[in-house]
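Here are my notes after a look through this one, as promised. Have the structure open while you read.

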Amino acid sequence: MEKLNGNNLKIAIQQKGRLAEKSLELLSLAGLEFETYKRRLYSRCRNFPLDILYVRDDNIPEYVADGTVDLGIVGEDVIFEQQSKVKNLEKLNFGYCSLFIACPDNLDIKNISDLNNLKIASTYPNCLGDFLEKNKIKAKTIELAGSVEIAPSLNVADCICDIVSTGNTLKNNGLNPIFKIFESQAVLIADKNSLNNKSKKKNIDRLLMRIKSVIKAKKTKYIMLNAPAKSIEEIIKIIPGIDSPTIIPLNKGDLVAMHSVVEEEIFWEVIEKLKKAGATGILVSPIEKMII
Ligand code: PRT
Ligand code: ZN
């Protein structure tokens, strides 16, 4: 088997699980070429000095913190729970979830102080402990390895503290999310020593620039429209673009074509405003990369 190259950067990503596919997709959208056949141990990038290691997500913060790898992609929840000393380089816009305290329907919990003297089951004892301490609550943490949601029905605990994304698991177990402890998404993390190493830092910066441009592009759409010349000023205010929109005169009356970019989040609001300002023939297309 080919050996890991000592000069290459190493990035650890989840081998299988909720973040695995999206982590690989991000790396390949960033232009990295590699084979992923069965994600055995690691992949070598053909066009960038990077080796990708496939590991369990719980190991990623410690591998990054102790320098086994230079970079990692992992949920913020894991970093918070392990209180890892790693540098967060970039939020990656996937793997969204929240840590909640959730209680059974028949338990009347309205204020945080109602949690006093209860037993709370969790796989996040550190995060839960911090939350309880901050709110001066004396509750007992029951640390479990998994299947936390069934703890109340087994009388192991009164309520739970767990990750929620759709909320279906809680619902299926007669639990309601009540107190949100934090929100989480996948992040790119780095070993602080790697950032202090000149040649590694250079390649980390190159990779980070590519990753940022993929994320930015995903959040942004390219927009083309026609508008009467008298509306140009108003439309520039709605879609200012990176520097300013491109404006092209058309061979028809006083119409111009305008090209610009618009943030996905406010997309529909912008379209409504553009129509009011007289825009017609609005075309929108995805952007593959956005380098700024
Ligand atoms: O095998 P390995 O150790 O690598 O994986 P894992 O099983 O420990 O982790 P995995 O793949 O379940 O989760 C990886 C990361 O995905 C987490 O660290 C979070 O950052 C993120 N994530 C996003 C989630 C969820 N959504 C999620 N819904 N992690 C876990 N869940 C679980 C949750 O614990 C609960 O059991 O899904 C259930 C609730 O889901 P909903 O959709 O019913 O609310
Ligand atoms: Zn795990």
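1. Among the elements covering its buried residues are β12 (220-228), α8 (232-238), β14 (255-263) and β15 (280-286). Bear in mind that this is a predicted model.

2. Which residues of α9 are buried? In this helix, residues 267-276, they are Phe-267, Val-270, Ile-271 and Leu-274. Looking down the axis of α9, you'll find the buried residues within an arc of 100 degrees, so they line one face of the helix.

3. On the face pointing away from the buried side sit Trp-268, Glu-272 and Lys-276, which are exposed. After the helix comes Gly-278, with a positive phi near 100 degrees.

4. Next, have a look at Ile-142, in strand β8 (residues 140-143). Ile-142 counts as buried because its relative accessibility is 16%, and the cut-off for buried is under 20%. Setting aside neighbours within four places in sequence, Ile-142 contacts Lys-119, Ile-120, Ala-121, Ser-122, Val-156 and Ala-157. Take Val-156 from that list: 14 residues separate Ile-142 and Val-156 in sequence, and their C-alpha atoms are 8.0 Å apart.

5. On to the charges. Side chains of opposite charge can pair when their charged atoms come close. How many salt bridges are there? The count is 13.

6. One of them joins Asp-70 to Lys-200, with 2.9 Å between the closest N and O atoms. Asp-70 is in the loop between α2 (60-65) and β4 (71-75), while Lys-200 belongs to helix α7 (residues 198-218), so the pair ties together parts 130 residues apart in sequence. Asp-70 is buried, at 1% relative accessible area, whereas Lys-200 is partly exposed at 22%.

7. Arg-44 and Asp-51 make another salt bridge, their closest N and O atoms lying 2.6 Å apart. Buried or exposed: what is Asp-51? With a relative accessibility of 0%, Asp-51 counts as buried. Arg-44, at 22%, counts as partly exposed.

8. Compare that with Asp-58 and Arg-56, whose side chains meet in a salt bridge at 3.4 Å, N to O. Here Arg-56 is exposed, with 58% relative accessible area, and Asp-58 is partly exposed at 34%.

Definitions and conventions: Residues numbered from 1 in each chain as written. Chains lettered and ligands numbered in written order. Predicted model: local features only at pLDDT ≥ 70, side-chain atom pairs only at ≥ 80, totals over all residues. Heavy atoms only, no water. Buried < 20%, exposed > 50% of the residue type's maximum accessible area, 1.4 Å probe, protein only. Helix = DSSP H or I, 4+ residues; strand = E, 2+ residues; numbered from the N terminus. Arc of directions from axis to C-beta. Contact = heavy atoms within 4.5 Å. Salt bridge = Lys/Arg side-chain N within 4 Å of Asp/Glu carboxyl O.
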